Amino acid sequence: MEMTAHELAQLLSATLEGDPAFAVRGVAAPETAGAHDLIYADSPKHLQRAAASAAGCAILGPEAVLPGKVILRAAQPKLAFARAAAVLVAEQRIATGIHSTAVIAPSARLAPDVSVGPYAVIEEDVEISKGTQVGAFAFLGCRCRIGADCRIFPRVTLYPGARVGDRVTLHSGSVIGSDGFGYVFGEGRHWKFPQVGGVEIADDVEIGANTTIDRGALETTRIGRGVKLDNLVQVAHNVTIGEHSIVAAQTGISGSSRIGSRVMIGGQVGIADRCRVEDDAIVGAQAGVPSGKAVHARQVVWGTPARPLDRFKEQYAWLGRVSELAARLKKLESLVVKD
Amino acid sequence: MEMTAHELAQLLSATLEGDPAFAVRGVAAPETAGAHDLIYADSPKHLQRAAASAAGCAILGPEAVLPGKVILRAAQPKLAFARAAAVLVAEQRIATGIHSTAVIAPSARLAPDVSVGPYAVIEEDVEISKGTQVGAFAFLGCRCRIGADCRIFPRVTLYPGARVGDRVTLHSGSVIGSDGFGYVFGEGRHWKFPQVGGVEIADDVEIGANTTIDRGALETTRIGRGVKLDNLVQVAHNVTIGEHSIVAAQTGISGSSRIGSRVMIGGQVGIADRCRVEDDAIVGAQAGVPSGKAVHARQVVWGTPARPLDRFKEQYAWLGRVSELAARLKKLESLVVKD
Amino acid sequence: MEMTAHELAQLLSATLEGDPAFAVRGVAAPETAGAHDLIYADSPKHLQRAAASAAGCAILGPEAVLPGKVILRAAQPKLAFARAAAVLVAEQRIATGIHSTAVIAPSARLAPDVSVGPYAVIEEDVEISKGTQVGAFAFLGCRCRIGADCRIFPRVTLYPGARVGDRVTLHSGSVIGSDGFGYVFGEGRHWKFPQVGGVEIADDVEIGANTTIDRGALETTRIGRGVKLDNLVQVAHNVTIGEHSIVAAQTGISGSSRIGSRVMIGGQVGIADRCRVEDDAIVGAQAGVPSGKAVHARQVVWGTPARPLDRFKEQYAWLGRVSELAARLKKLESLVVKD
């Protein structure tokens, strides 16, 4: 979509410097931008790249200098750029209309403008609200509820009964509502503990490729509003994740753990069962939070077992000095024995 | 399915206290149970939740007191609850009949009551025994053998030649029999080592969503009877896993490692190639067992490199005391030098 | 395919000892080999297994002795075996012809001998070169370019615009070109940073089951020639991986990190964002390279944070001696105080 610099300035509440009629047609990195692309810069290094760019329009912070381009000044250039991109770049369509090969149960209720790709399967009593796109090979098990304006990429599985809010994006290969991993050992074998609870995904959630989210055992697994999960993340049964929390790739959250709001969890983190990670906490990449432990609000932790970042760094520094301490101890021993 | 309390007591070899004709129709958590749901309690905290529940029937241990409900007493309440649930809760059907869109090779042999969902593909010479359900978009490569009463959820891939026993559950997105990861470097590039072995999954195995199990290189990858693998687990070529072992999410087991029987492996564990984890060992979450190492029978290990749990805890405790030791050493140095 | 020992010797530039007309029909492990299978041995233990084998022909190093078989002598027996297997063992076909159920957009351009399995979906303007096989349920989004002689196993997703070179193998469940994980937090929520860049996979790459490779944000994610990625690997936006590098299962490489050529990365490694791993480096299993750090050319690192292997081992050894140092310190204190 094309916008003038003036229209963009209004959209972003940005201050415009230069031609208000300048046409902006897309977004790009400085190196690959064409004359009508929008770029941004929010660091001296980034500004250097912008100065060498063919882009005609740039979003900058209040102080930055960049001659020869139309400038939009915003307090947070990267945020303004993301918001501009959401308008300038048309979202890829996932499906158009209802493909003739889609298998849709007669009892499924789809809003009139829902689109469904080839070979999607929609079972009995599924409900899908307006504007949602369902990709090829998607499987929506019976009684699923899907909100409005969702983007379900090709090859997503929703087990029966899964509930998904509005404006949710599910990437290819994700599995929502699979059985949790719960067994009771007895008489020489594992008996399956019932995995018959629900799974609810609130509005504005995005879930990465090949990520798995189990249904509750007897309770409900809940992913809060605005949560973003990266690829290959595992969310076990009965987990709850609060609003606007963010979880990087390959992290696993075990059964019945509760993650607060605005929590940031790095990649490959392991959170064992029945943990509590409170609001605004940060868990560094590859950290491990043992069974039943808490990470307190606003705490930053790292390592396995996870501990406050400062303590991790201090312990790690001391670990590097043990050989020196040993040498000093040896010398002291020789002195004392000499006495 | 509905059962009387008397029938449940007989099924579970439990002692009944209260109305033998009481109708039980489902299982639930204490908080969400209705009057005819079954609950259980096996801890004081759990018993408190049970006391506040609307459930009419509860499984308890020998001593627990819970007035106003029909009680079933069992030595292991959770185990009894799991066994009751297996009867009370009907399993979700994955497919009913043979869907008209399934592509089934003429040479495939399916027992009369096998059911196959929409768009499943079953190649030449596949054999499927009675009662097995094959979900939508399942791909069963040529010459696969599937036993009786298996549950193959939508969107599972079996590479050609995979063998699966009876009562096996494969969750959505799992891949069985993919090529192992083996190359020989020479002349400046990687040459693929042949990955032409087999993969065999014994009876009563359950495999989680998006888990991958590679075929053997020249040998056979074997998953033993009753093994349970969680989501996103990786099992490499030539691995063997003994009976009733259990592997939590995102764990990886590298080439030719041998896991014994009744082993418990936590989440995100890494077991390098050619390791041996003996019967009844426990490997804690995120532990790493280096190449060629053994974990002995009944040993409990943690950390990377994995070591006995007690040693891990002791070393970790000492790590936290190095700064104190350094301070004491410094003080001693000042005293000795003063002398 | 059948070959004589003489033909094999020529193919491998190996020295033949024994009957040049001996027919070799397959490859096997020593234990399962039949009379006309080829085996190899490259260690004393391996040679013992070979001696007990029914195989009629074996590849050995220059010195090894193995009576009663046709021998092919090569400097690197395992490499020669892999090369022989590539000729002796016919590759499993993934698709034959264009299946009538494949949904192929009229604007897609497929070379005449491309084969496409049941229910594959090929969108507008896709281009596929000669000899490529596309498996069942593969989804090739619009404008994808696929080179010659590729093997795309069933149930692979290529997001729109992905580019794949010649002789590339993509295993089942892999997702190429999904959106990267990039958000800007502002006004109480996460705004999606545009994920509109490209993804390019060069020639001779193999990508494991359920592995995910994100498209670039504004740039391009690049997987170099001859790279091999194992199962369940995550490659984030803007990452580049140099030629002939190899990445074991469940490793994650975060945004904008640059991996050099011939790098070896173990399983479950985490490489944070904007790291640099230079040519020929080795990163041990489960290691973690923190944000922005470099691993230098030919360095071998392990641990989290990753450090040179020797240093890791030394520190780990000292960690085991802290309790002993503490005891010696205590004794010394008692002596000095006595003074």
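Reader: How much area do chain C and chain A bury between them, and what percentage of it is on carbon and sulfur atoms?
Author: Keep in mind that this is a predicted model. The size of an interface is often given as the accessible area lost when the parts come together. On that count, chain C and chain A bury about 4,900 Å² between them, and the part on carbon and sulfur atoms is 66%.

Reader: How many residues of each chain are in contact where chain C meets chain A?
Author: Contact here means heavy atoms within 4.5 Å. By that cut-off, chain C puts in 70 residues and chain A puts in 57.

Reader: What is the count of salt bridges between chain C and chain A, and what does C:Arg328 pair with?
Author: The count between the two chains is four salt bridges. For C:Arg328, the closest N and O atoms of the pair are 2.8 Å apart, and the partner is A:Glu333.

Reader: How many residue pairs are in polar contact there, and where does the largest share of chain C's side come from?
Author: Across the interface of chain C and chain A, 28 residue pairs are in polar contact, both residues being at pLDDT 80 or more. Several elements of chain C each supply at least two residues to the side touching chain A, among them strands S20 (175–178) and S22 (189–192) and helix H4 (309–319). The largest share is seven residues, and it comes from H5(C).

Reader: What kind of axis relates chain C and chain A?
Author: Chain C can be laid on chain A with an RMSD of 0.1 Å by a turn of 120°, and the shift along the axis is 0.0 Å. The two copies are therefore related as by a three-fold rotation axis.

Reader: And do those copies use the same or different surfaces?
Author: Of the contact residues of chain C, 20% recur in chain A. The surfaces the copies use are different.

Reader: Why do the buried residues of helix H4 of chain B sit on the same side, and which residues are exposed on the other?
Author: The buried residues of H4 (residues 309–319) in chain B are B:Phe312, B:Gln315, B:Trp318 and B:Leu319. They share a side because they cover an arc of only 130° around the axis. An α-helix has 3.6 residues a turn, so residues three or four places apart point the same way. On the other side of H4(B), the exposed residues are B:Asp310 and B:Lys313.

Definitions and conventions: Residues numbered from 1 in each chain as written. Chains lettered and ligands numbered in written order. Predicted model: local features only at pLDDT ≥ 70, side-chain atom pairs only at ≥ 80, totals over all residues. Heavy atoms only, no water. Least-squares fit on C-alpha atoms with pLDDT ≥ 70 in both. Buried < 20%, exposed > 50% of the residue type's maximum accessible area, 1.4 Å probe, protein only. Helix = DSSP H or I, 4+ residues; strand = E, 2+ residues; numbered from the N terminus. Arc of directions from axis to C-beta. Buried area = accessible area lost by both parts, 1.4 Å probe. Salt bridge = Lys/Arg side-chain N within 4 Å of Asp/Glu carboxyl O. Polar contact = N/O pair within 3.5 Å; in protein donor to acceptor, adjacent residues only side chain to side chain.
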